[in-house]
Amino acid sequence: MDLDVFVSAHRPEWDRLDALLRRRRHLTGYEADELVVLYQRTATHLSLIQSSAPDPQLTGRLTQLVARARSAVTGTRRAGWRDVTHFLTSGFPAALYRTRHWWVPTALLSTAVAALIGWWIATHPEVQSAIAAPEELREMTRPGGQYETYYSSHPAASFAAQVWTNNAQAAAMCLVLGAFLGLPVIWILFQNMLNVGVGIGLMSSAGRLDTFLGLILPHGLLELTAVFVAAGTGLRLGWTLIDPGPRTRRAALAEEGRAAVGMAIGLALILFISGAIEGFVTPSGLPTWARIGIGVAAELAFLAYVYVVGRRAARRGETGDLDAAERSASAPTAA
């Protein structure tokens with residue numbers, strides 16, 4: 001596309017749109033119709049320039065012009081409780097359901113890796129010696145040792161807040177870094193599974209695996225599931241760069257990126273629940289079966305949220321992306 005010819009042909013339309021947007025008085029019916037038509041044309045022009053002959057200065061001008069026109073045509077809109085309700089009952093569960101083919105295999109493979117690391121450490125004393133000195137290992141794994149006192153070392157409220165913050169940051173990093181072809185996500189996930197595997201291996205070698213599972217399962221089921229969802233979503237985002245499907249790479253990355261941002265918000269809520277369980281239930285004096293039962297109930301509730309609420313929302317056409325009216329306009333592409 002010859003950019004100079006294109007600009008010369010369409011500059012009068014852009015100038016006219018800018019003039020209509022600067023009007024201080026109310027537009028007539030004819031002028032309002034004209035504004036809508038010029039807005040649609042300019043949005044198409046912007047998409048064509050971005051895909052065929054990107055020019056930073058021209059793209060910046062048209063982006064601002066389209067944004068102003070969009071506000072004039074659609075009006076300003078503020079998020080309200082209805083949006084929150086829609087997100088929690090439709091958008092977020094639909095996004096979880098749509099990405100299940102990524103995070104469920106991620107969960108299964110990661111769990112297998114953690115179990116394998118735990119078995120390797122438990123059955124190889126030389127590996128245990130490489131981790132820490134025998135005295136330090138005994139201090140960590142003995143009754144009342146570091147593994148047990150970790151969950152009661154701080155006041156429950158502050159500990160829950162700290163856990164939630166750390167896990168939310170890890171989940172957000174998985175989502176954001178997925179754009180780098182998913183490679184950082186794999187590393188973050190491996191570090192998490194390594195920590196779990198070391199705990200399994202050391203406590204198993206001390207004959208106290210049941211105690212370790214009683215401490216980690218109440219909160220760990222939901223917590224790790226949230227991490228697996230974040231990792232799976234990040235990997236999907238990275239794969240979008242490689243294979244965008246029938247969409248343009250720009251459109252595919254924008255759509256999946258918006259869904260990932262929504263996923264980060266939703267997972268922060270899920271991790272808040274797991275953090276509360278870790279801060280108040282895990283170190284409590286409840287019997288082990290009761291603490292694990294609470295963790296299992298929370299995990300089953302999450303899975304029902306995904307496979308019942310999420311499946312229904314996905315069948316209604318929900319994707320977790322913004323509504324069509326809230327997305328940037330783009331030109332159609334041929335299949």
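I take a salt bridge to be a side-chain nitrogen of Lys or Arg within 4 Å of a carboxyl oxygen of Asp or Glu. I am working on a predicted model, in which local features need pLDDT of at least 70 and side-chain atom pairs count only at pLDDT 80 or more, while totals for chains, interfaces and linings use all residues. Residues are numbered from 1 along each chain as its sequence is written, and side-chain values use heavy atoms, with hydrogens and water left out.

**Entry: overall content**

I looked up the secondary structure, taking helices (H or I, at least four residues) and strands (E, at least two) as DSSP runs numbered from the N terminus, and I found 13 helices and zero strands in the protein chain. I also noted that buried residues make up 40% of the 335 residues, where buried means under 20% relative accessible area, exposed over 50%, and partly exposed in between (1.4 Å probe, protein chains only).

**Entry: salt bridges from helix α1**

I found eight salt bridges in the structure. In one of them, the side chains of Arg 16 and Glu 34 meet at 3.0 Å, N to O, and this pair links helix α1 to helix α2 across 18 residues of sequence. I recorded Arg 16 as partly exposed, because its relative accessibility is 29%.

Glu 13 and Arg 41 form a further salt bridge at 2.9 Å, N to O, with Glu 13 in helix α1 (residues 3-21) and Arg 41 in helix α2 (residues 29-52), 28 residues apart.

**Entry: aromatic pairs**

I searched the whole structure and found six aromatic pairs, where rings of Phe, Tyr and Trp (its six-membered ring) pair if their centres lie within 6.5 Å, and planes under 30 degrees apart count as stacked, over 60 as edge-to-face and the rest as tilted. The ring centres of Phe 6 and Trp 14 are 6.4 Å apart with the planes at 45°, so I put this pair down as tilted, and both residues are buried.

Tyr 97 and Tyr 307 form an edge-to-face pair, 6.1 Å centre to centre with 85° between the planes, which links helix α4 (residues 81-98) to helix α13 (residues 288-315) across 210 residues. Tyr 97 counts as buried at 13% relative accessibility, while Tyr 307 is partly exposed at 29%. Over the face of Tyr 97 I found Arg 100, at 3.8 Å from the ring centre; such a charge is counted if NZ of Lys or CZ of Arg is within 6 Å of the ring centre and within 35 degrees of the ring normal. Separately, ring pairs link Phe 87, Phe 92 and Tyr 305 into a cluster.

**Entry: record check**

I checked the unreviewed UniProt entry, which lists residues 259-277 and 289-308 among its "transmembrane region" spans; its annotations may be inferred rather than shown by experiment. In the model, residues 259-277 are 100% helix, with end C-alpha atoms 27 Å apart, and residues 289-308 are likewise 100% helix, with their end C-alpha atoms 27 Å apart.
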